[in-house]
Structure formats: structure tokens, C-alpha cells
Amino acid sequence: MLGPLAAAVLAAPADADRGEQLYARCAACHALAYDRVGPRHCGLIGRRAGSIAGFDYSPAMKASGIVWSGRTLDRFLAQPMKRVPGTTMTYAGVDDRKDRADLIAYLERAGKSPACAHK
Amino acid sequence: MKRRAIQLKRVYEKPSRDDGLRVLVDRLWPRGLRKTKAAADLWLKEAEPSPALRRWYGHDPRRWRGFRRRYRAELAHRADAMRVLKELRRRGKLTLLFAARAIAVRSRCERGVTRVFPQAQTNHGGKAMSSFFAIQNPNAARRLFLGHSGLLLSGAAVALLAGRDALAAKAGTSKAGDVRILNTALGAELEAIAAYQVGAESGLLQKPVLDLAVQFQGHHKAHADVLAKTVSQLGGKPVEAKKKYGFPLESLKNQADVLKFAAQLEQGAVSAYLGAVPLFANRDLSKAAASILGDEAMHWAVLRHALGENPVPVAFVS
């Protein structure tokens, strides 16, 4: 019975506006345009993990070999500390697949927005 | 609810995972015992009989009753030590450790019974010893404890409590993981302190909002203080405040902007603590993080209220 519902949820297009709401969860440590406890998110898509000059990454993140994409972000955000043991992103993760998809859609959109024009 | 017992053990016995918080109650460090071997979470020197009383007693059985009476009198004057023990017991299982000398323990959990345990046993564990001498003295015990109710632990004491995983630390990497979580939280708290400083100095805040900002900053300072102490307690190095934070000052033009900025930080902090609570190996740290989460959720609500928004927009935080 739940099969069709799950399929419908999975098939729903990612919602960047909803992702922007969800991004509030990240605001203790992250901002789009400047480094905080966590690194900035402008330029995230396509960036090699641990590569912003001057940011104090964990050795684990620097050595992770990850290049951030929708796919790698989805895996990381589900369980950051499992995906990169030793990361300083000590956050349990975003459990819900749709939440992650929307969040990533927002990050992709924000990266192309004026807020990230010079970052 | 089942009351948790106090267990007594010689410090030379092998520590067990079931010991809970291990408190050494001898005045002198046990001879020939390394710190790591003792696995004591806390050393409470003040709980032991005074040297003068110990000399007087001299393990002479004829002086046993007198020793008990005098020791009780001494304990009545050591309110701080008893307060700490009482609070620790309230928080979980407690094991009192001693090397050789007689110790007395007052615990309301055991129906106000005051127990005095002489050295005697070595290899029989706490249970055998705790059946040795049980003296009914509920009135004295009750007086002692009720006299100091309503106590609040200092931040330092909370840090001490949180550092009870001396055993877990030896068992694996859980301590390093917990230190990392605490340090991430500490970094965010330090930034929040700096952010409120910017807000308070901006000239954009009018009373009473300004007072609120200063008060909330004070809470974040208290959080940072406890987190840093706990990191140290666990053998880690607390992160320090950055020399410079990249706050978007150009976007803060009036009081509402500052409030919105602060509300965002507090909301994010609630989510961050929520995401950290299930990660700690040491559940006391989860509890401590949840305690901070509650405080910062209140900040968030009050800031929303000050902005004219629904202060509590959802039934669950995420």
C-alpha cells in the first residue's frame, strides 16, 4: 500500500524553496558567503571537500577524496559522521530523503544567486 | 523509580563499567597507584575523617562507637563535600573508592541509614562490605541533607559530572568523538558570544532589547565555559574564539535586522544541538547538550516574539 506513496514522494521534484527553509538547520555553523564554524556554501557544487584555503578542516575531511555533487552531498548529509569518520561536522544527519533532495536543490540554486556572485 | 545505590569499593579493585561515577574519598592519594589505574572521576578529599580523628581511632575496636559519632559530627561541618556527594548520587550510580582507612557514607537512598565501613575487606567487592555495619540514624542524616536542599551546581561541577567516562575513554575512541562534538558546539557558542557583542555595540538596539541581548550573551558565555571545561576534563584541547568573524555587518541596518540575525543563529543552534544529542558516547553529555538546547530554543522564541512573529511556530524543532 505504501509502495505507490513512496514512489510518488521519490518522484516529486526537489523543492528549492522548501530547501531554503530547511537550510535554517545549518545556520548555527554555516553561511552561504562566509566561513564560520563550518565552511561557506557558495561554490560548493563541484568543489573538492576540504579545499577552501584558510579554513580549518579536519584531516578526515581533507583526505576524504570527495567532490561535492548532488549525489555525494546526499550520502554525506544522511550521516556525516559515518560517511567521513573524524569530520568536525558532528551532526547526526538529515534522515529524510526528500529533505536532503530539497536542501541540495537549494544549495545548487543559491550557488548561482547574487549572494554568491563574488564568493 | 528505583533508587540508585551507592557502592563502595577499594580503589585497588578492578574498575567495572557498572561503577558509574567513581569518587575517591581518601585524603591522600592511594600509595603506589597510578592515576589511570584508579580510574577515579573525582577526588573528594574532604569526605574522609580528619587526620586527628583517624589517629585517635587507630582501628581500636573499643573506640568504634566514639569514632562513628565524631565522624558524623565532622561530616556535618563539611557541607560542601556532602552536597557534592548528594548531587552526584542524584545523577546516577555512584561508587565511592578508598584505599585503606575507614570511611563513612551517608546516603538517603538507603533510608537514611548511615553506614560506616572499616577497611577489612579486600577482594569481596562492594556488596560484601556494604553489609558490614549499618547504623540506623535517619534523623541525623535527614537533618544533614535537608539542610542543603535546593542547591545548584556550578558550571565547573557540571563539567566534572560530564567527565565521568574515565572507563569509556580507556575502552575506545568514544572520548575523542565526544571531544570533537563538544568542540564544534564550543566553536558555535564562541561565535554567538561575538555576534551578540556586535549587536550590543551596534547602537541599533534599544532597551529592553539591549538588555535581552546582554542576558542571552551571558547564557552563551556560560555554555561556552562548561563546554570548554568539559573538553579539558576529557583530555581535549578546547577550541578558541576566532580573531575575526565574517558577520554580514552591511546587512544589519536596524534593530529588526539584528534581531533576525540573532534569531537565525539561535534557531540553527537548536538544530545543531539536536543533531549532536544522539551522537555522544557518554549519555550525560547528551543530557547536558539537551539542557543547552532548551535554553537556546527559549532565546529563539523570545527573539521571534520581539520581531512580532509567532514565537513558537512548530510543535517540534528539527
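How many bridges join strand 2 of chain B to strand 3 of chain B? I began my notes with this point, keeping in mind that the model is predicted, and I found 2 bridges between strand 2 (residues 21-24) and strand 3 of chain B, which run parallel.

I then looked up one of the residues involved, and noted that B:Leu24 has B:Trp43, in strand 3 of chain B, as its bridge partner.

Turning to the sheet as a whole, I recorded an open sheet of 4 strands in chain B with the order 1-4-2-3 and parallel pairing. At its edges I found strand 1 (6-10) and strand 3 (42-43) of chain B, each of which pairs on one side only.

Next I looked up a pair of helices, and saw that helix 9 (residues 174-201) and helix 10 (residues 209-233) of chain B pack at an angle of about 155°, with their axes 9 Å apart. Because angles over 145 degrees count as roughly antiparallel, I wrote down helix 9 and helix 10 of chain B as roughly antiparallel to each other. I also noted that helix 9 of chain B passes helix 10 of chain B in a left-handed crossing, and that their contact has 17 nonpolar, 7 polar and 2 charged residues.

Last, I checked where the chains meet, and found that the contact takes 19 residues from chain B and 15 residues from chain A. On the side of chain B that touches chain A, helix 9 and helix 11 (255-276) of chain B are the elements that give two or more residues, and the largest share, 9 residues, comes from helix 11 of chain B.

Note on methods. Residues numbered from 1 in each chain as written. Chains lettered and ligands numbered in written order. Predicted model: local features only at pLDDT ≥ 70, side-chain atom pairs only at ≥ 80, totals over all residues. Axes fitted to C-alpha atoms, helices over the stretch in contact; angles between N-to-C directions. Parallel < 35°, antiparallel > 145°, perpendicular 65-115°, else oblique. Left-handed = near helix turned anticlockwise from the far one by under 90°. Nonpolar A, V, L, I, M, F, W, Y, C, P; charged D, E, K, R; others polar. Pairing = 2+ DSSP bridges. Contact = placed C-beta atoms within 7 Å.
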